[in-house]
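Subject: Structure for you to take over

Hello,

I am handing this structure over to you. Please look through it first, then read the notes below.

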Amino acid sequence: MAAEPGAAVGTTVRDIALAADATLTTQVGAKAANLARLVAAGYRVPPFVVLSSAACARILEPIRGSIAAELDSLDHTDPAALRAVSAQIRALILATAIPADIRTELDADVGEIVDRTSQSGARLAVRSSVSGEDSATDSFAGQLDTLLNIAPAEVSGAVLEVLASAYSERSLFYRAHRGLDNAEIDCAVLVQVLVDSAVSGVVFSCNPQTGDPAEAVVSAALGLGEGVVAGTVECDTYFVDTAARTIVSRSVAEKQSRVVAADGSGTVIEQMTAVTEQALTDARVVELVDTATALAETFGTPQDVEWAYDAGGVLYLLQARPITATGARETIFDNVNVAESYPGLSTPLTFSILRNAYEQVFRACHRDFGASDAIVDRNAASLYPYLVGTAHGRIYYNISNWYRLFLQIPGMEFAIEGWEAALNIENRYQRPAAPKRGLARAKMYLLRLRIAAIITVGWLRLPRRLRAFFTELQSFTADLDRRLAPDTPERERDPEALLEWMERCLHELVPAYAVQIFNDFLAQQMFHAVGLLLEREGLTETAASTLRNELFCGEEGVDSVDPVRSALALTATVRSDAALRELFEGPLEPQEVWKALAQSGFAEFRAACLRHIALFGDRTVDELKLETDPLGEHPERLVPMLRNYLRGGQNIDEMAAREKLIRREAEASAAALFRGKFVQRMAFRFALGRAREHVKQRENMRLGRSRSFGLVKRVFREYGRQMYAAGLLDDPRDIFWLTYEEIAALTRGTAIDTDAARTVATRKRDHERWRTEELPTRIVTAGIAAVGINDPSFEHPAPTGDSGSVLHGIGCAPGRVEAPALVLTTPEPDVVVDGQILVAASTDPGWVFLMVAAGGLVSEKGSPLSHTAIIGRELGIPTVVGVPGVTRLVATGDVLILDGKAGTATIVQEHSS
């Protein structure tokens with residue numbers, strides 16, 4: 001029976017009894033104990049009852065031995081093992097029957113708390129209450145399941161689900177990672193009346209990022225609080241001075257969704273008409289802060305409080321716990337844009353060279369945008385070297401440091417919005433309101449004038465700096481050609497000479513590439529400005545984005561298309577020559593075809609192929625990864641590419657003509673918008689012209705970047721051969737598993753561990769394990785970043801989409817096509833592409849050869865200014881980017897309708913396996 005005050009703990013404990021007798025808390029877990037303290041302190045808490053940990057232990061007793069056997073074999077560092085053990089334990093628990101006496105008592109107490117609420121048809125929340133959970137050191141946030149919108153009759157099944165979640169892979173990993181015993185999980189289950197909340201959220205009695213008790217933070221959303229905690233709906237955020245009880249800063253979102261109770265059980269995200277007003281009145285914000293600060297004073301530690309207001313404006317406290325990790329610096333890693341160039345896993349050498357390159361480029365770039373010598377010196381050690389990060393072999397941007405990069409130049413905060421939009425990353429920065437009068441407003445205008453002057457001077461210098469980069473690239477190319485020539489003395493290409501060449505490259509050629517960043521900045525801002533100017537003429541955001549994309553079709557002089565033109569010219573030669581056509585359409589493997597081209601009758605064509613390879617051999621899939629071989633090392637890979645074009649009959653002139661027609665029609669639409677508006681029309685023409693030029697130069701510089709990385713590849717392939725000959729490596733290609741810093745240390749005698757072969761073997765094993773994982777696009781860490789990086793959210797493959805599913809993304813290149821899907825994760829050089837719609841997690845510039853033979857392209861990542869989008873527009877290929885999970889929702893062979901204008905991919909027919 002339920003425990004009463006002063007009684008021993010039985011099967012269940014009611015809230016009133018728990019609040020009256022603190023000795024009962026030993027069997028109810030931390031969450032229930034915290035709620036009892038709130039009730040005892042006089043706060044309004046929804047009625048609840050707790051199924052004690054002793055009762056839960058009785059439920060699990062028949063299978064305890066089986067659970068222990070599963071845990072004995074667990075390797076918590078192996079995601080596959082975690083997944084398998086968790087699934088086995090979950091199946092055991094869900095198949096277990098709850099003893100009749102426990103079920104009877106629980107049902108009776110659930111009925112009692114339902115009778116105490118004024119809500120008709122009350123529903124319940126069922127959640128864990130584990131020893132150590134919601135403590136100051138171990139929050140267990142998100143590790144155990146909470147089931148919402150549960151009917152009273154379904155509580156028993158929900159209890160088993162919650163008990164099973166105590167052994168979920170996340171929970172098992174978390175406990176092992178925190179040094180807690182997985183075999184001793186002391187779990188109770190809390191059953192509480194669910195508040196039908198109109199507004200809900202979280203209030204922190206101090207700033208959780210800085211630990212500052214003078215500033216409280218409130219987050220609020222419409223509907224149930226799950227949306228705030230899970231980050232799935234739009235939230236308002238308020239920063240409050242706790243002493244003055246005034247709101248010092250606020251970010252009010254356009255709220256288009258809320259979490260509501262689903263039919264049956266559970267919750268759904270409901271889309272709604274956008275709400276631009278605050279979710280909370282200022283008075284309620286202050287009420288919440290008063291509550292949180294009072295709790296912090298009562299309990300002697302800063303508090304993290306979940307709350308809800310019902311439709312009548314009544315405030316309920318749903319949970320309170322000590323704030324964990326106050327003062328730990330938050331770091332955000334995001335790969336939404338960088339994954340276009342570095343999809344999937346990259347080797348340590350690639351990451352270390354990339355990290356060094358970003359350090360050099362953005363130190364120079366910071367100066368370009370007006371950073372003083374003092375600012376540059378201050379950031380030399382803590383900012384520039386840490387603009388990229390790595391998690392389980394994947395490369396991420398350290399987004400937090402990118403914001404610091406902008407904000408350390410006074411007056412540059414205006415550019416953040418355009419940068420976020422161009423990279424298609426989640427908005428994190430809210431620009432402070434502009435001062436309305438006085439010296440502060442005058443200072444603001446002076447800073448803006450300074451930035452405008454810097455940008456104007458940089459723009460005027462841009463053509464000369466672009467030419468200077470390519471001159472520098474030619475110089476480095478000639479020098480490396482000479483060094484690696486067979487008749488050059490060995491000392492000019494020994495390890496020390498190669499290392500010196502690489503150091504010179506990083507300090508001379510790489511900083512010269514900073515001009516690309518300046519050009520990128522102008523492209524992003526002008527591209528953003530074009531969209532804003534169209535919206536000001538009355539177009540919706542979607543219509544403005546569509547028209548803007550069409551205005552960027554058919555741009556001439558884009559060097560990134562030259563490799564395709566060259567390959568299509570080779571294809572035309574094959575098509576017109578009977579002997580070549582017979583060879584390419586025959587059954588021979590690509591390597592055999594390439595060997596056959598050595599015959600004297602094909603000498604002219606082979607020479608043309610070699611010229612193509614010499615000019616464009618660095619443009620390949622995954623071209624910026626040093627471990628990716630250039631085309632020159634595998635010339636036979638040109639054969640399947642030409643075969644794809646031979647089958648498809650692509651004609652780049654026809655593609656260009658189609659894109660120019662779209663461009664002309666878009667220009668006519670824009671002209672009609674600005675008719676009779678001279679000033680607006682001139683501003684629009686200027687922004688469009690500048691944006692087009694800078695986007696074109698962006699693509700041209702990317703080809704230069706590919707060639708620069710081609711030089712670095714040659715250096716380290718030669719380095720690998722020499723380290724292999726010296727006995728340091730088991731294979732020349734093993735050099736890619738070492739970092740640049742480790743290679744330098746081995747060369748110059750500063751290596752702590754000289755067993756390079758052992759290091760390589762360990763990293764190869766790590767990569768094999770990581771290859772099966774799916775990491776989130778965004779990882780947020782606090783304090784030591786490695787802790788968060790080693791504990792990312794586990795992502796499971798989602799079920800495939802149903803026939804008729806409409807998947808939404810960003811339309812980048814107009815056109816509509818219906819064709820089978822070809823899902824590519826890591827495309828092989830000999831993949832057959834013949835009009836299918838390519839489906840990928842991301843693409844890099846080397847995909848251009850595949851895109852030409854495709855009917856369309858859809859990717860999970862990307863933005864309107866990504867390479868994928870730009871080349872899609874240039875080639876006239878319908879392109880949609882930013883479609884979440886599309887590689888899991890679509891299978892190869894599914895028939896899709898891809899609409900590059902609307903930004904949709906519709907599954908019209910599923911492929912039968």
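A salt bridge is counted here when a side-chain nitrogen of Lys or Arg lies within 4 Å of a carboxyl oxygen of Asp or Glu. Asp755 and Arg758 meet that cut-off, with their closest N and O atoms 3.9 Å apart. Please keep in mind that the model is predicted.

Salt bridges

Asp755 is partly exposed, at a relative accessible area of 33%. Arg758 is partly exposed too, with a relative accessibility of 47%.

How many salt bridges does a search of the whole structure find? The search gives 47. One of them joins Glu633 to Arg717, where the closest N and O atoms are 3.0 Å apart. Glu633 sits in the loop between helix H22 (603-616) and helix H23 (638-648), while Arg717 belongs to helix H25 (residues 678-725), so this pair ties together parts that are 84 residues apart in sequence. Glu633 is partly exposed, with 39% relative accessibility, whereas Arg717 is buried, with a relative accessible area of 8%.

Lys764 forms another salt bridge, with Asp734, and here the closest N and O atoms are 2.8 Å apart. This pair also links distant parts of the chain: Lys764 is in helix H27 (residues 756-770) and Asp734 is in the loop between H25 and helix H26 (740-748), 30 residues apart. Lys764 is partly exposed, at a relative accessible area of 33%. Asp734 is buried, at 7%.

Salt bridges also link several residues into a network, made up of Asp479, Arg482, Arg483, Glu492, Arg504 and Glu508.

Which residues of H26 are buried? They are Tyr740, Ile743, Ala744, Ala745 and Leu746. These buried residues pack against helix H11 (348-368), helix H16 (495-512), H25 and H27. Just after H26 comes Gly749, which takes a positive phi of about 85°.

Tyr740 turns up again among the contacts of Met502. Leaving aside residues up to four places away in sequence, Met502 touches Ile353, Val712, Phe716 and Tyr740. The largest nonpolar core has 76 residues, and Phe362, Met502 and Phe716 are the ones that touch the most other members. Another core lies apart from it and has 42 residues, including Val49, Leu60, Leu106 and Ala166. As general background, nonpolar side chains tend to be buried together in soluble globular proteins.

Aromatic residues

The search of the whole structure finds 17 aromatic pairs. In one of them, Tyr358 and Phe362 are stacked, at 5.6 Å centre to centre and with 20° between the planes. Tyr358 and Phe362 are 4 residues apart in helix H11, which means that about one helical turn separates them. An α-helix has 3.6 residues a turn, so residues three or four places apart point the same way. Tyr358 and Phe362 are both buried. They also belong to one aromatic cluster, together with Tyr397 and Trp402.

Phe369 and Phe518 have ring centres 4.9 Å apart and planes at 20°, so they count as stacked. Phe369 is in the loop between H11 and helix H12 (373-379) and Phe518 is in helix H17 (residues 514-536), so the pair ties together parts that are 149 residues apart in sequence. Phe369 and Phe518 are both buried.

Surface patch

Which residues make the nonpolar surface patch of about 320 Å²? The patch is made by Trp459, Leu460 and Phe686. Trp459 is in helix H15 (residues 438-484) and is partly exposed, at 30% relative accessibility.

A buried glutamate

The last item is Glu306, in strand E12 (residues 303-310). Is Glu306 buried or exposed? Its relative accessible area is 13%, so Glu306 counts as buried. Not counting residues up to four places away in sequence, Glu306 touches Gly201, Val202, Val229, Tyr316, Leu317, Leu318, Gln319 and Arg321.

Regards

How values were computed
Residues are numbered from 1 along each chain as its sequence is written. This is a predicted model: local features need pLDDT of at least 70, side-chain atom pairs count only at pLDDT 80 or more; totals for chains, interfaces and linings use all residues. Side-chain values use heavy atoms; hydrogens and water are left out. Helices (H or I, at least four residues) and strands (E, at least two) are DSSP runs, numbered from the N terminus. Buried means under 20% relative accessible area, exposed over 50%, partly exposed in between (1.4 Å probe, protein chains only). Contact means heavy atoms within 4.5 Å. A nonpolar core is a set of buried Ala, Val, Leu, Ile, Met, Phe, Trp, Tyr and Cys residues joined through side-chain atoms within 4.5 Å. Patches are made of residues with over 30% relative accessible area and no salt bridge: like charges are joined within 9 Å, nonpolar side chains (Val, Leu, Ile, Met, Phe, Trp, Tyr) within 5 Å. Accessible areas come from the Shrake-Rupley method with a 1.4 Å probe; for residues, only the protein chains shown count as cover. Rings of Phe, Tyr and Trp (its six-membered ring) pair if their centres lie within 6.5 Å; planes under 30 degrees apart count as stacked, over 60 as edge-to-face and the rest as tilted.
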